[in-house]
Amino acid sequence: MDAMVSVKDGEVWAHDSGEPDAGGPDSGGLPLVLLHPGVGDSRVWDPVLPHLTERHRVIRYDARGYGRSPAPTAPYSLVEDLIAVLDHFGAARAVLAGSSMGGATAISLALRDPARVAALALVVPGVTGAEDLVSRDFTAEVGKLAEAGDVDGIVALVMRTSAAAGTGADLEVEAHVRSVIPAWFAVHPYHVPDPPAFDRLGELDVPCVLVLGERDQPEVVRTNEAMARRIPGCRLVRLAHSDHFPTVREPSAVAEAVLEAHAAAGGPAGQR
């Protein structure tokens, strides 16, 4: 079921798969919420989705300005929008699977309102408050290309750095990147960063699986390793053939990690 969800001073597109048709032992229960990265909208989860919906209710949405969601027209917070989506679908508590930007949002909610998060599946996650997450050279180069209006140059830069595991034309990943660049410019004046979380990762008290791509930017790999060390009980999964797009490169492995986190939500740690 598709829906336009009201958020503060705006709305976002969302989809709720509903409960699985096959009433197996894993059906029903805690919903699974998918949060997309800044280098793609919710469609980046498409290769993983069939592995998840056959066992769980899955909710996903496009952040403001991405995919089918209108661009923001007023200041907004990603974590507050996530709360609005959960409330809309009556999800008092959920398992969160977040990729990159979505991972940062998932962590922010787990720290802000622990009772609402049963487990975390973090895929090449971002985190607020980590200075080494993105190369300063990369950020500076994106700024120069943006000032010049060189969209092709930005796409080429992202493909060279964050999509290094690709071979040949790599049209699927390039399409994801190209589709979100307008969102980067549309949200920049309005996005209010959520509070720093990197130094608070030790406070997390939920089951957590963190997936990193071995061929991601070195700064991202180092930060993901540090995050896994700081999060109590976090299991680190290394994907040798992935960069910043594991949902495209190794969807089955990503699905396994997400399902592992969901299964752990039913254990003692997930019941706290």
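This is a dialogue about a predicted model of one protein chain.

Biologist: What makes the protein chain as compact as a globular protein of its length?

Modeller: The protein chain has 9 helices and 8 strands. Its radius of gyration is 17 Å, close to the 19 Å that the globule rule gives for 272 residues, so the chain counts as compact as a globular protein of that length. The C-alpha trace spans about 55 × 40 × 35 Å along its principal axes.

Biologist: How much of the protein chain is buried, and what share of its contacts joins residues 24 or more positions apart?

Modeller: Of the 272 residues, 55% count as buried. Among contacts with a separation of 6 or more, 75% are between residues 24 or more positions apart. The accessible surface is about 11,500 Å², and carbon and sulfur atoms hold 53% of that.

Biologist: Which elements do the buried residues of helix 2 pack against?

Modeller: They pack against strands 1 (2–7), 2 (10–16), 3 (32–35), 4 (58–61) and 5 (94–99), and against helix 3 (101–112).

Biologist: Why is R116 called buried?

Modeller: The cut-off for buried is under 20% relative accessible area. R116 has 12%, so it is buried. R116 lies in the loop between helix 3 and strand 6 (117–123).

Biologist: What is R116 in contact with, beyond its neighbours within four places in sequence?

Modeller: R116 is in contact with I83, L86, D87, A91, A92, R93 and A94. Of these, I83 and L86 are among the buried residues of helix 2.

Biologist: How do you know that the charged end of R68 sits over the ring of W13?

Modeller: The rule asks for CZ of Arg within 6 Å of the ring centre and within 35 degrees of the ring normal. The charged end of R68 is 3.7 Å from the centre of the W13 ring, and it is listed as sitting over that ring. As for aromatic pairs, the count is 0.

Biologist: Which residues of helix 5 are buried, and what covers them?

Modeller: In helix 5 (residues 151–161) the buried residues are G153, I154, V155, L157, V158 and M159. Their cover includes helix 4 (136–147) and helix 6 (171–187).

Biologist: Where does the annotation "domain: AB hydrolase-1" fall?

Modeller: The unreviewed UniProt entry places that annotation on residues 31–125. Over residues 31–125 the chain is 29% helix and 22% strand, with the end C-alpha atoms 20 Å apart.

Conventions. Residues are numbered from 1 along each chain as its sequence is written. This is a predicted model: local features need pLDDT of at least 70, side-chain atom pairs count only at pLDDT 80 or more; totals for chains, interfaces and linings use all residues. Side-chain values use heavy atoms; hydrogens and water are left out. Buried means under 20% relative accessible area, exposed over 50%, partly exposed in between (1.4 Å probe, protein chains only). Helices (H or I, at least four residues) and strands (E, at least two) are DSSP runs, numbered from the N terminus. Contact means heavy atoms within 4.5 Å. UniProt positions are given in the numbering used here, feature names are shortened, and annotations may be inferred rather than shown by experiment. Rings of Phe, Tyr and Trp (its six-membered ring) pair if their centres lie within 6.5 Å; planes under 30 degrees apart count as stacked, over 60 as edge-to-face and the rest as tilted. The radius of gyration is taken over C-alpha atoms; the globule rule is 2.2 Å times the number of residues to the power 0.38. Accessible areas come from the Shrake-Rupley method with a 1.4 Å probe; for residues, only the protein chains shown count as cover.
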